[in-house]
Amino acid sequence: MQEIPDNIDLDAVYREYANLVYRFLYAHIHDAEWAQELMQETFLRAIDSINRYDGSCKLSTWLCQIARHIMYQELRKKNRAELVELEEYLPDQRAPDGEENVIRRERRLELYRAVHHLPEAEREVVLYRITADLSFREIGEILGKNENWSRTTFYRAKQKIKKELNTHE
């Protein structure tokens, strides 16, 4: 392992960015335990390659790029066809109106189907926004773009989703 630069406090980096990296991963894979494992692996690899961090991008962006690379590697290993898996949500039988839960579940599935049909960049922005609750600034940093690009991309994607959902009604 190479020597770590003096100006980088790895504990502080972990404390500051662990949650962001976790949310980034969880937005893609929707599995809390697996996102946690991949986040830990991200920081292990970041420590191993810290001397390659040249400061040309924000540290958060660099960490999310590492996380993305690890995630894709693991997805290929597990031979997963999709980045985003939709969990099967069963209606809550204890709820007063099970039919309402079924309708809500169907709408959620329609939404995710529409998101799935978006081009990759738009799909990523929407998923980061609605599942990881990231700000447009954070999304821009992760994708190497600016806040306005993220905001505009989200708006355009939202219009496409609305259009697709309206055609299915």
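Hi everyone, let's begin with Phe-43, which counts as buried because its relative accessibility is 7%, and the cut-off for buried is under 20%. Please keep in mind that this is a predicted model.

Who is the partner of Phe-43? Look at Tyr-14: the two rings have their centres 4.9 Å apart and their planes at 70°. Planes over 60 degrees apart count as edge-to-face, so that is the name for the pair of Tyr-14 and Phe-43. As for where they sit, Tyr-14 belongs to helix H1 and Phe-43 to helix H2, so the pair ties together parts that are 29 residues apart in sequence.

Now let's step back to the two helices. A packed pair of helices is described by the angle between the axes and the distance between them. Here H1 covers residues 10-29 and H2 covers residues 32-48. Their packing angle is about 135°, and their axes are 8 Å apart. H1 and H2 are therefore oblique to each other, and the crossing of H1 past H2 is right-handed.

Which residues make this contact? On the H1 side, they include Leu-10, Val-13, Tyr-17 and Ile-29, along with our friend Tyr-14. On the H2 side, among them are Trp-34, Leu-38, Met-39 and Ile-47, and of course Phe-43. What kinds of residues are these? The contact of H1 with H2 has 17 nonpolar residues, three polar and no charged.

Let me show you two more residues, further along the chain. Glu-138 is in helix H6, residues 136-143. Is Glu-138 buried or exposed? With a relative accessible area of 17%, Glu-138 is buried. Leaving aside residues up to four places away in sequence, Glu-138 touches Leu-20 and Arg-23.

My last stop is Thr-153, in helix H7, residues 147-168. Thr-153 is buried too, with a relative accessible area of 8%. What does Thr-153 touch, not counting residues up to four places away in sequence? The list is Ala-121, Glu-122 and Val-125. Take Glu-122: from Thr-153 the separation is 31 residues in sequence, yet 5.9 Å in space, C-alpha to C-alpha.

If you'd like to explore on your own, start with the ring pair of Tyr-14 and Phe-43, then follow H1 and H2 along their contact.

Key. Residues are numbered from 1 along each chain as its sequence is written. This is a predicted model: local features need pLDDT of at least 70, side-chain atom pairs count only at pLDDT 80 or more; totals for chains, interfaces and linings use all residues. Side-chain values use heavy atoms; hydrogens and water are left out. Axes are lines fitted to C-alpha atoms, for helices over the stretch in contact, and angles run from 0 to 180 degrees between N-to-C directions. Helices (H or I, at least four residues) and strands (E, at least two) are DSSP runs, numbered from the N terminus. Angles under 35 degrees count as roughly parallel, over 145 as roughly antiparallel, 65 to 115 as roughly perpendicular and the rest as oblique. A crossing is left-handed if the near helix is turned anticlockwise from the far one by less than a right angle, and right-handed if clockwise. Contact means heavy atoms within 4.5 Å. Ala, Val, Leu, Ile, Met, Phe, Trp, Tyr, Cys and Pro count as nonpolar, Asp, Glu, Lys and Arg as charged, and the others, Gly among them, as polar. Rings of Phe, Tyr and Trp (its six-membered ring) pair if their centres lie within 6.5 Å; planes under 30 degrees apart count as stacked, over 60 as edge-to-face and the rest as tilted. Buried means under 20% relative accessible area, exposed over 50%, partly exposed in between (1.4 Å probe, protein chains only).
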